[in-house]
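Have the model open as you read.

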Amino acid sequence: TSLITFFKRALMSEPLDLTGIRGLDPSLPDTCTLEATLVTGFEPTAAEELLEKMGLTANMSRGRIVFDIAVDRVKEVLSLRCVNTVYLLVGHSSNYQYSGSQDEQMAGLCEFVADKVDWAKGMRVWAQVMGFKGQIHPEKKSPAESSAGPEDDAANSGPSFRATCYRTGEKSRHSFPSPLVASTIGGHIQDMFGWRACMKGYDLEFVINCDPAQLHCAITLNHSSLGNRTITEYGLCTLRPTIAASLARLAQLQPGDVVLDPMAGTGAISLEGSLGFPSTFHLAGELVKKSVRSCRVNLDSLTTVQGVATAPAMDVLQWDCIINPALRDNSVDVIISDLPFGKRSGNKYDNRKLYPDMLVSMARLVRPDTGRAVLLTQDKKNMFHSLTKTRAFWTHSKDRKSVV
């Protein structure tokens, strides 16, 4: 039996790896480049899902993957379960120089957005993915025509939009704040296209990333995180569904596997595992009655709220996973769980007893030789100490690149 443990680390900016990437070339109208963001440490997992489901290979940078794709397949990417946000790259400079005064730097960014961004391909792909049917380039109206009704104005005004800036690096590289870039670029885009600026309920989001070693622009293809499609009722420590999907993938689930989350909370791991691997059966166990209810609500809502065609192979129960697991010995193939970190839930002092007791209980439940566990924790000290205590039952593996 092997145990894989995971530890989170902070997201740090890193230049995009565009080696072999061709979708930014305007002369290739049927190919575009996407950037998908994810939780740092799970880059190989997301790349594996992309390859398995879509047959595409990706370049990995910290917290994101970048890949080329045929324009008519872009919408398929929104079905991936391990990524948070998908961006359509429309402009990139690997060695952009932020030179001059603040006003000069703003002028340089506006010039880049006007001249170096492939607006033609970008808007064509965006409209196709988002189903936008209005005019991309609205006609300028004469004063006599300006009295048209609001419905006519909406149909002829083009998409509403907002500009967003993400800036990283030291002030010595760029002397401007992010809101200034967003407002300046937003005003410039409005002058270029005549679109209506809108901070909420917008149609299109244009993102400009100002990093120390690069400048790249993108159009967002999903306005809400892709992980929001699973959870209806949240709890105190609900795990982000995209992390849950990554954990399930790391477990290398096989058809027929019985998968247990003994500390399920509101059920994100079991929900994502059952949806991502429909030939497996998932059992979510939880001690707290309120969490059990929320887990059941989330399961039932998949068909009524989230639009899933058939209910996944999953069940929920209330139990004490340490004292009375309520399952036969050797009855589980895989255990996947987000452990109490000892912060918002419990404390690290309690983990000194909880972790070793938990590992012993889990060892009784999983099948010999093939049983495995994928556990998420930030309490590294207690986890490693507990592994030493339970080495008769578990081995600790770091053979997969996603382990951080």
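Two strands pair if DSSP finds at least two bridges between them; strands (E, at least two residues) and helices (H or I, at least four) are DSSP runs, numbered from the N terminus. This is a predicted model, where local features need pLDDT of at least 70, side-chain atom pairs count only at pLDDT 80 or more, and totals for chains, interfaces and linings use all residues. Residues are numbered from 1 along each chain as its sequence is written, and side-chain values use heavy atoms, with hydrogens and water left out.

Eight strands make up an open, mixed sheet, in the order 3-4-2-5-9-8-6-7. Strand 3 (59-61) and strand 7 (196-197) sit at the edges with a single partner strand each, so one side of each has no neighbour in the sheet. Helix 1 (residues 43-54) packs on the sheet and touches strand 3 and strand 4. Contact here means heavy atoms within 4.5 Å.

Strand 2 (residues 31-37) pairs with strand 4 (residues 64-70) in the antiparallel sense, over seven bridges. Leu34 stands opposite Phe67 in strand 4.

Now for two single residues. Buried means under 20% relative accessible area, exposed over 50%, and partly exposed in between (1.4 Å probe, protein chains only).

| Residue | Relative accessibility | Class |
|---|---|---|
| Ser291 | 19% | buried |
| Pro177 | 37% | partly exposed |

Ser291 belongs to helix 8 (residues 289-304). Leaving out residues up to four places away in sequence, Ser291 touches Gly265, Thr266 and Glu286.

Pro177 is in the loop between strand 6 (160-167) and helix 5 (178-193). Beyond its neighbours within four places in sequence, Pro177 contacts Gln102 and Arg167. Pro177 and Gln102 are 75 residues apart along the chain, with 9.7 Å between their C-alpha atoms.

Key. Axes are lines fitted to C-alpha atoms, for helices over the stretch in contact, and angles run from 0 to 180 degrees between N-to-C directions.
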